[in-house]
Amino acid sequence: MSTECPLSPEVFTTKDFRSSLKPIWCPGCGDYGVVTAIYRALATIKRPPHEIAFISGIGCSSRIPGYTTAYGFNTVHGRALPIAQGIKMANPDLLVLVAGGDGDGFSIGGGHVPHAIRRNPDLTYIVMDNQIYGLTKGQLSPTSPRGKKTSSSVYGSMEDPVNPLLYVLAYGAGFVAQGVPADMEGLAKMIEEAIRYPGFAFVNVQSPCITYGDADTQLKTQRMRMRKLEAEGHDATNRLRAMELAQEYGRTLYTGVFYRNPNPPPTYESQIRERQQNLRGETMALEQLLSRKSTDDENLTAS
Amino acid sequence: MARKLMKGNEVIAAAAINAGCRYFFGYPITPQNEIPEYMARELPKVGGVYVQAESEVAAINMVYGAAGAGARVLTSSSSPGISLMQEGISYIAGAELPCVLVNIMRAGPGLGGVQPSQADYFQATKGGGHGDYHVLVLAPANLQEAADLTQSAFDLADRYRNPVMVLADGMIGQLMEPVELLPARPAVDLPPKDWATTGTATSGGRRRVINSLYLYPDQLEQHVHALYAKYAAMEHAEVRYELHQCDDAEVVIVAYGTTSRIARSAIEKCRRLGLRVGLLRPITLYPFPFAAFEQVIARTQAFLVVEMSMGQMLDDVKIAVAGRKPISFYGRTGGIVPTPEEVVKQVQALLGGGP
Ligand SMILES: Cc1ncc(C[n+]2csc(CCOP(=O)(O)OP(=O)(O)O)c2C)c(N)n1
Ligand code: SF4
Ligand SMILES: [Mg+2]
């Protein structure tokens, strides 16, 4: 759990989480808003930067760890979640943030998402969903709407988009939210809540690509299109209702928390700790293990 | 067709369509995106299919499927994406299916950079994935050659029922040169695809199964021997190389692709300085032109291998030269293309002369 470490007596401000690196995103890119929201959320969490590991894949959005003072890991396209799980298992006391693009998370890395969710490590996964491949200059993404024309779908795409919200809800993610940089306060708050949730938490940010994205996804239109779930009276403990609302992805721009499991199940790390403690008495001495008879060895290697 | 000014990546894509390729599966990656984009635009016009897959893993397995169905199929990527395809390439080679792969190399390892490199030589020529197999590797040095080699890649793949790779780099991919694309003429003597899963109607009711699994070691050994008989046939019939100004050369530069272009300029400069330098340019990297070295080894004093890597083809040159003459190496890496002047300096150091 991210709150297991003793809290620092220091008081943090957003400045403590802002690195000296100047972002090289295009002016007007939604990802600027996302990183600002992350600074704000982290300032309220009260964990010093050195206790935070920020993991990303590859893409414009995946540059984000570099713009924070947290320990960073710009990894492999599509593999941020497995790498983050490795980090969390090796050092469960770290607060682990994972971020990346829609392509990174739901195309090349899509196969990893269900497995991360069903293990339930205490991670916060933030996807900057711009419905396009930004870094490689504007190809179709798994969340691009059907019919979308891009350099790699010249006559319009013939595929339905992935619905990231429904996807993670279906596999049982304990915390699912959607935000927009146009509503900075709301975005910062939901990232903070995601971090505080003890288990796998997912935040889909509709973060517009100003260079290759559609006009109706930009910040200005977001302000007009967004509908706050809170104002709609949505009960975030109702998973079925959350799934119903999530079906509106691509049509109605709902923002806020879709689902928060009121009874968070144990995290993978806490289960590992428990297992280790239970087995401590039974653990074989290393010498004993190494000097086992060959029949045992055969059993061990028969698989 | 008249000569037309084209970009390297587009030349490869156009040549593939010209050769009868109708299926393309890929995933975006710099610096080869013009290939899939050309295919996305042009393939549907000729009754073909272009799919942007969800990853390179999916793309190579779509290639596996289409190749198994008897189609002429292409995928292209750049280094990290090609790494991800290696499992599929091993299966395709094991199942003896024809397909063409393009690797527009960028600098590694890992994510590396997007600038040109030749550091995937080992991966391309020595198998790349698991098991005993080879991919036939063609390395164009100019765009006309890129067109011609891409077209013959499809014939070679069909002839040997084996993946064929066109190996170039970001510099060739982005280069503009005039090219003449000749209309497609699949070789007339290609074996029929009597193994393809085209439905029993064409197989006389016999079931066709595509497979790379052989659970009995003696059968698998037999299968691998059969693969190696094909590689021996390639080594016999398909080796391609170019010798340039080697007749009197005291130093023979060995380079392929982009670095061979640099070497050519360096040789021109060397010749003006009175230095007798030639070029041995492998065009097939697998099979490697070992025998070509016999034509120059008697006269040359030394070989100079130039690569955009830390020395990968160098190993094959060592095998070819077998200790008979000294070999020196000049490599740049990280995405840096060596300059002709740098190469001239290396030659001067070798010949003991210099201004
Ligand atoms: C194995 C592999 N394939 C392809 C790429 C090229 N690549 C880098 S980022 C990216 C997709 C970017 O889109 P997204 O994940 O949506 O991030 P964005 O740039 O839009 O933020 C691709 C295809 C790569 N780096 N590695
Ligand atoms: S290309 Fe798009 S996603 Fe990438 S930095 Fe520019 S605006 Fe942002
Ligand atoms: Mg994107």
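**Notebook: strands, helices and one glycine**

I began in chain B, where Val252(B) has Phe303(B) in E13(B) as its bridge partner. Helices (H or I, at least four residues) and strands (E, at least two) are DSSP runs, numbered from the N terminus. The model is predicted: local features need pLDDT of at least 70, side-chain atom pairs count only at pLDDT 80 or more, and totals for chains, interfaces and linings use all residues. Residues are numbered from 1 along each chain as its sequence is written, and chains are lettered from A and ligands numbered from 1 in the order in which they are written.

**Entry 1, strand E13(B)**

I looked up the pairing of E13(B), taking two strands as paired if DSSP finds at least two bridges between them. Strand E10 (residues 251-254) of chain B runs parallel to E13(B), joined by 4 bridges. Strand E14 (residues 327-331) of chain B also pairs with E13(B) in the parallel sense, over 5 bridges. In E14(B), Tyr330(B) stands opposite Val306(B). I then checked burial (buried: 20 or more other C-beta atoms within 10 Å of a residue's own; exposed: 12 or fewer; partly exposed: in between; C-beta atoms placed from the backbone). Strand E13 (residues 302-307) of chain B has 5 of its 6 residues buried, and is mostly covered.

I fitted axes as lines to C-alpha atoms, for helices over the stretch in contact, with angles from 0 to 180 degrees between N-to-C directions. Helix H1 (residues 8-18) and helix H2 (residues 34-42) of chain B have axes that come within 8 Å and cross at roughly 40°. H1(B) and H2(B) are therefore oblique to each other (under 35 degrees is roughly parallel, over 145 roughly antiparallel, 65 to 115 roughly perpendicular, the rest oblique). For contacts I required C-beta atoms, placed from the backbone, within 7 Å. Among the residues that meet are Ile12(B) and Ile17(B) in H1(B), and Tyr38(B) and Met39(B) in H2(B). The residues of this contact of H1(B) with H2(B) divide into 7 nonpolar, 1 polar and 3 charged (Ala, Val, Leu, Ile, Met, Phe, Trp, Tyr, Cys and Pro are nonpolar; Asp, Glu, Lys and Arg charged; the others, Gly among them, polar).

Helix H10 (residues 257-272) and helix H12 (residues 340-351) of chain B also have axes within 8 Å, crossing at roughly 60°. H10(B) and H12(B) are therefore oblique. H10(B) brings residues including Ala263(B) and Ala266(B) to this contact, and H12(B) residues including Val343(B) and Val347(B). By class, the contact of H10(B) with H12(B) has 8 nonpolar, 1 polar and 1 charged residues.

I traced an open sheet of 8 strands with mixed pairing, in the order E2-E1-E3-E4-E6-E5-E8-E7 (chain A). Why do E2 and strand E7 (226-228) of chain A each have one side without a neighbour in the sheet? They stand at the edges, each with a single partner strand, so one side of each is left without a neighbour. Neighbouring strands of this sheet are turned by 20° against each other on average, direction ignored. Strand E3 (residues 95-101) and strand E4 (residues 123-128) of chain A pair in the parallel sense over 6 bridges. Gly101(A) stands opposite Met128(A) in E4(A).

I found Gly59(A) in the loop between strand E1 (52-56) and strand E2 (71-74) of chain A. Gly59(A) counts as buried because it has 27 C-beta neighbours inside 10 Å. Leaving out residues up to four places away in sequence, Gly59(A) touches residues including Gly101(A), Asp104(A) and Leu135(A).

Terms used. Two residues are in contact if their C-beta atoms, placed from the backbone, lie within 7 Å.
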